[in-house]
Amino acid sequence: TQGRTTPSGNNFKVVIRARPPLSRELQGHKQFQNTLQLDSNQRVTISENLPGVVSKWENAGGGTYMENSLYATHQFTFD
């Protein structure tokens, strides 16, 4: 398969689709929480405990990646 090639030689796009929560997830015994965050710097954060990780980052001085988080957390930045 051939894709369009950009001047830097990259020829792929990333698409992220986050579905809305199901009614059973909203009404379950555990509170629903998102696992995906997109920010204005074209950065995507995926975490098992996103609210806990984001609050730690904010308390640490503003959104820096913390490698020693207790939860599986991955962060990707795109051009």
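Helix α2 (residues 50-59) has the lowest mean pLDDT among the elements of the chain, at 72, while helix α1 (residues 23-26) has the highest, at 88. Here pLDDT is the predictor's confidence in each residue, on a scale from 0 to 100. Helices (H or I, at least four residues) and strands (E, at least two) are DSSP runs, numbered from the N terminus. Over the chain the mean pLDDT is 75, and 70% of the residues reach 70 or more.

Please keep in mind that this is a predicted model, in which local features need pLDDT of at least 70, side-chain atom pairs count only at pLDDT 80 or more, and totals for chains, interfaces and linings use all residues. Residues are numbered from 1 along each chain as its sequence is written, and side-chain values use heavy atoms, with hydrogens and water left out.

Now to the sheet. It is open and has 3 strands in the order β1-β2-β3, with antiparallel pairing; two strands pair if DSSP finds at least two bridges between them. β1 (36-38) and β3 (73-77) are the edge strands, and each has a single partner strand, so one side of each lacks a neighbour in the sheet. On average, neighbouring strands here are turned by 15 degrees against each other, direction ignored. The axes behind that angle are lines fitted to C-alpha atoms, for helices over the stretch in contact, and angles run from 0 to 180 degrees between N-to-C directions.

What joins β1 to β2? There are 3 bridges between β1 and strand β2 (residues 43-47), and the two run antiparallel. Within this pair, Q37 stands opposite T45 in β2.

Next come the charged side chains. A salt bridge is a side-chain nitrogen of Lys or Arg within 4 Å of a carboxyl oxygen of Asp or Glu, and by this rule the count comes to 2 salt bridges.

| E25 | R19 | 2.9 Å |

E25 is partly exposed at 23%, R19 is partly exposed at 44%, and D39 is partly exposed at 24%.

N49 lies in the loop between β2 and α2. Leaving aside residues up to four places away in sequence, N49 touches Q33 and Y71, where contact means heavy atoms within 4.5 Å.

Conventions. Buried means under 20% relative accessible area, exposed over 50%, partly exposed in between (1.4 Å probe, protein chains only).
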